[in-house]
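Morning, everyone. I have one chain to show you today, and I'll keep it brief. Please have a look at it first.

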Amino acid sequence: MPFSDCLFVTNSPDTAVTVNCSQNFSFKNCRDYSFSELLRECRKAAFHSEPASLVFSEKFSCRLYELQASFPQLYFKKMNSKIHSDSNQLNNTINKKNRDYLLKINQAIKTRIPVLMIGESGCGKNYNARLIHKKSGNPQNNFFELNINEINPNLMETTLFGSVKGAFTGAQFDSMGFFECAKNGTLFLDEISYLSRDMQVKLLGVLDKNTFRKVGGTKEIASTARMIFATDSNLRNLVKEKKFIQPLFYRISVLIIRIPPLRERLEELTMLAINFAREQQKTIAPDALKKLHSHHWPGNIRELKNCIQRSCVQAYENTIHREDIAFDHEFFDFSET
């Protein structure tokens with residue numbers, strides 16, 4: 001069957017390599033792959049030492065985000081099947097910012113060095129932290145997430161490190177903190193900028209020595225958790241304002257990953273929207289997707305999910321149409337806040 005649109009997969013970011021592969025590829029041999037076959041072929045390409053390219057039918061284009069998440073070491077290009085005759089079109093087939101952040105996600109998967117994720121609220125820092133955990137090492141190990149801003153500062157030390165019996169009034173038994181619970185797994189500390197200065201000093205000591213003590217305890221306990229931090233604040237400015245200690249900033253920012261906002265990753269919007277609708281047993285019509293792509297998405301993925309859930313409630317049919325889509329600004333004016 002003829003394919004008017006293809007998903008081009010390569011393990012080389014070099015456009016020249018991609019063009020060469022596509023020129024030498026026999027499009028006459030294309031066939032309709034099942035998604036399981038597509039995953040299997042992508043897995044082969046991911047671990048192949050030489051540049052390789054694969055071409056698949058257009059129905060997989062909508063699952064581009066899922067493929068990128070599963071194989072961040074690959075480069076996915078959605079293109080017309082005639083693209084091999086016009087290499088200049090390749091310059092517009094991939095978003096450089098997206099490619100850069102996916103590359104860094106892949107780098108994080110291959111190592112256990114501390115990672116700092118920065119980006120706007122709701123852009124997917126939590127999702128990518130879980131992805132790094134799942135793809136690196138044993139995914140059966142524990143993943144623990146703690147939002148610093150949600151914890152009472154007076155309880156932060158106990159929350160992170162645990163306590164021993166009798167350490168304070170009401171401590172009737174030993175308790176485990178997040179560092180101990182995440183042993184050999186991943187500890188994701190979100191909103192790290194809200195950590196108090198005293199706790200910043202103590203966290204720096206843990207990262208330097210790879211050991212910690214429970215509140216009221218004297219025994220040094222090995223810290224074996226992989227550390228991922230996240231913030232939507234400018235930590236450099238906080239360092240200048242003496243609100244975040246400089247040594248800790250350098251200690252947690254070994255690998256910095258900027259997660260682009262959704263408005264810079266519109267090629268992922270279709271897959272995200274389809275997934276969110278599928279969770280509500282709904283599908284999305286093309287006119288609804290077109291309206292979604294026209295929005296600026298200040299609330300990023302969180303706003304998109306809320307929008308799709310709202311649309312699913314408002315839709316009279318099993319398919320969401322353009323008239324079912326209602327954005328937050330249609331109910332509230334955020335310009336005055």
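Let's start with contacts. Take the pairs in the chain that are at least 6 residues apart in sequence: 74% of those contacts join residues at least 24 apart. Keep in mind that this is a predicted model.

Now the make-up. The chain has 13 helices and twelve strands. It runs to 337 residues, and 47% of them count as buried. What about the surface?

On to the backbone. Two residues are worth a look here. Start with Gln281. Its phi is near 60 degrees, a positive value, and Gln281 is not a glycine. Where does Gln281 sit? In the loop between α11, residues 266–279, and β11, residues 283–284. Is Gln281 buried or exposed? Its relative accessible area is 63%, so Gln281 is exposed. The cut-off for that call is over 50%.

Next, Asn300. Here too phi is positive, about 60 degrees, and again the residue is not a glycine. Which element holds Asn300? Helix α13, which covers residues 300–314. And its exposure? The relative accessible area of Asn300 is 0%, so this residue is buried. Buried means under 20%.

Let me put the pair together. Gln281 has its positive phi in a loop, and it is exposed. Asn300 has its positive phi in helix α13, and it is buried.

That's all from me. Over to you.

Technical notes. Residues are numbered from 1 along each chain as its sequence is written. This is a predicted model: local features need pLDDT of at least 70, side-chain atom pairs count only at pLDDT 80 or more; totals for chains, interfaces and linings use all residues. Side-chain values use heavy atoms; hydrogens and water are left out. Helices (H or I, at least four residues) and strands (E, at least two) are DSSP runs, numbered from the N terminus. Buried means under 20% relative accessible area, exposed over 50%, partly exposed in between (1.4 Å probe, protein chains only). Contact means heavy atoms within 4.5 Å.
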